Amino acid sequence: MTEETTVPWPSAAAAAAILGGLWITSHNNFLLFHTLAEMFSVLVSAGIFVIAWNARHLPASRFFLFIGIAHLCVAGLDLLHTLAYKGMGVFADSADIATQLWIAARYLQSISFLVAPIFISRRLSATATLAVYIVITAALIASIFGGVFPSCYREGTGLTPFKIASEYLIALTFVAAFVVLRFKREAFGQRFVNLLSAALVLMVMAELAFTFYVDVYDISNLAGHLFKVMAVFLVYKGTVEINLKRPYDLLFHEVKRSEEKFAKAFNTAPTIMIITTLTDGRYIEVNEAFETTLGWKRREVLGKTSLEMGIWPDLNQRDEVVRAIESGEQVINREITLHGKRGEIVEGLYSAVGIELNGEKCLLSLVRDMTARRRAEREVELLNSELTIRARQLEETNCELEATVEQLESVNMELETANKELEAFSYTVSHDLRNPLSNINGLAQVIQELFGKKLEPQCLEFIGKIHRETLRMNRLIDTLIRFARISRCELVPETVDLSALAMEIAADFQLAEPHRQAIFSIGKDLTVHGDPRLLRLMLDNLLGNAWKYTGTRNKAHIEFGTIEQGGSNVFFVRDNGIGFNMAHADRLFLPFERLESNNSFRGEGIGLATVFRIVQRHGGRVWAEGEEGKGATFYFSL
């Protein structure tokens, strides 16, 4: 058996002698036995108080101080119980008072053992606790001698139900105290826990024994007092060893627990932790974060210096830390760089404190890895620099845009001025030029009517030509005005059915010249989004152009349809007319430009220019393909 579970033989022999003497005494004089047993308990309980009170300044003494104060009051109640016992003749010769004092003492003792573990880790005021216990004890004594406390024993019938229930309740309280003690056993040494556990078990057995006796002198009463004597002896034994023989065992126990906690915290901390000698930087201990971050295993660095390992790329940094620690300065969150096993640079915030291990000055270092954060900060700074450059470029671009806007505003003003001038020109053309033409045309008609019979045929021909040319001039003026208005009119876009428009225009042409043989092939459901008025004018010019230049064919064929090009729809008007030379294709859409091969056909040279302007206003494109004598195809997209 180990030391933690045995009682030294001198103590065991003394206990056996006391119990044997008490047992022999009980057979000769039970009252003497009771007095000796109770006085032993009183003296031991008082001794527990004296030891605990005088050791209250020792480490880990709060639990024992609380037990000691409780046993002082328990000793007082047990002393009164002894004096009040039947046959002593000190108080009224009543077994009930002695039994009441016994129950009060056991309640106080059992509850104290149950509550005491609370003060293992809490502060305890010795004076206040003693005062509270004295008040409670005085109240119990006053209630007993004042007749308030419930009756516990009746002559002739024995124990009352209250007494029996109280003994069971007290026994359960001791059991609960036993469970709490075992739960808190890490706060004490194993030997003390075993001694106090045995004492609590004996107290439970004593309480159970006291539930059976009928006479205060019977065997169960004897057994209960013997169990109580042994229990008090074990409490005293544990208290004496902890507070007198081994006063620092609990302290060292706490130190060991603290060391275990520190070791666990040291190894599992996410921050790099290192213990080195102060002078040469020899590694004594490193944690798991050190291995993870720097790549070296613990066995690779222990016993070696930082110079040998090359962990400090700048030894001046470590020298500054050593000088600061030796001069008593604080080293907190200094920026350092360390070398990893693979040569990588680890940036961190370094804190250190001087410690002493086995008489040697050492250094406890903590390094918070800031590598990722510093890298991110540099990237942010780089991004900020790039953003600053881009912002500057944007400012320059904005300035250029502002200048461009100013130029556009100036151009717009010039355009507005040009539009006003164009409107003025249109007004001039429509009024100032039309009036003379109307006068010339009217005079020519008057001459023809009044003097037609007297004029020679050649003169009549000249007058007819004047009349026709003025009408042609008037039509040209109308064409110019319409062309100018195309660029200035406001677009009113909507969905337009080009197929329906093309059919209406083709019907108009055929109605105007019913003698011509012509076939129109018009695709179905060809729709676009645009201004219907301008789009009709555009189709009128394109189909009219095809109608005009197929006039020499015996059978004209004009087609309007669509093809897909570059993922979008492209419309076309194809004919089998006279065609054109592709070398002159760039002149087709210029105002008043007429190709030499087209001079025999009537027209002002403004139709295709009008088509170009309308398509341009719709954001589209128009172009043409053709070959002389084989027809032409005009394409447009909107």
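The protein chain contains 18 helices and 14 strands, where helices (H or I, at least four residues) and strands (E, at least two) are DSSP runs numbered from the N terminus. The structure is a predicted model, in which local features need pLDDT of at least 70 and side-chain atom pairs count only at pLDDT 80 or more, whereas totals for chains, interfaces and linings use all residues. Residues are numbered from 1 along each chain as its sequence is written, and side-chain values use heavy atoms, with hydrogens and water left out.

Of the 638 residues in the protein chain, 41% are buried; buried denotes under 20% relative accessible area, exposed over 50%, and partly exposed the range in between (1.4 Å probe, protein chains only). The accessible surface of the chain amounts to about 35,100 Å², and carbon and sulfur atoms account for 58% of this area. Accessible areas come from the Shrake-Rupley method with a 1.4 Å probe, and for residues only the protein chains shown count as cover. Among contacts (heavy atoms within 4.5 Å) between residues at least 6 apart in sequence, 66% join residues at least 24 apart.

The unreviewed UniProt entry places the feature "transmembrane region" at residues 7–25, 31–51, 63–85, 97–118, 130–149, 161–181 and 193–213. UniProt positions are given in the numbering used here, feature names are shortened, and annotations may be inferred rather than shown by experiment. In the model, residues 31–51 are 100% helix and 0% strand, with the end C-alpha atoms 30 Å apart. Residues 130–149 are 80% helix and 0% strand, and the end C-alpha atoms of this segment are 23 Å apart.

Helix α14 spans residues 371–451 and includes Phe 451. Phe 451 counts as partly exposed because its relative accessibility is 41%. Together with Val 446, Ile 447 and Leu 450, Phe 451 makes a nonpolar surface patch of about 350 Å². Patches are made of residues with over 30% relative accessible area and no salt bridge, like charges being joined within 9 Å and nonpolar side chains (Val, Leu, Ile, Met, Phe, Trp, Tyr) within 5 Å; a salt bridge is a side-chain nitrogen of Lys or Arg within 4 Å of a carboxyl oxygen of Asp or Glu.

Strand β11 (residues 556–565) pairs with strand β9 (residues 518–522) in the parallel sense over 5 bridges, two strands being paired if DSSP finds at least two bridges between them. Ala 518 has Ala 556 of β11 as its bridge partner. Strand β11 is also joined to strand β12 (residues 568–575) by 8 bridges in an antiparallel arrangement, in which Thr 562 is partnered by Phe 571 of β12. The two strands β11 and β12 form a hairpin with 2 residues between them, and Gly 566 in the turn has a positive phi of about 65 degrees.

Helix α18 (residues 607–617) has several buried residues, among them Leu 608, Val 611, Ile 614 and Val 615. This helix is followed by Gly 619, with a positive phi near 75 degrees. Ser 637 lies in strand β14 (residues 632–637) and counts as buried because its relative accessibility is 17%. Excluding residues up to four places away in sequence, Ser 637 touches Asn 569, Val 570, Val 615, Gly 620 and Arg 621.

Most residues other than glycine have a negative phi. Asn 333, in strand β5 (residues 331–339), has a positive phi near 55 degrees and is partly exposed at 42% relative accessibility. Asp 525, in the loop between β9 and β10 (527–530), likewise has a positive phi, near 55 degrees, and counts as exposed at 67% relative accessibility.
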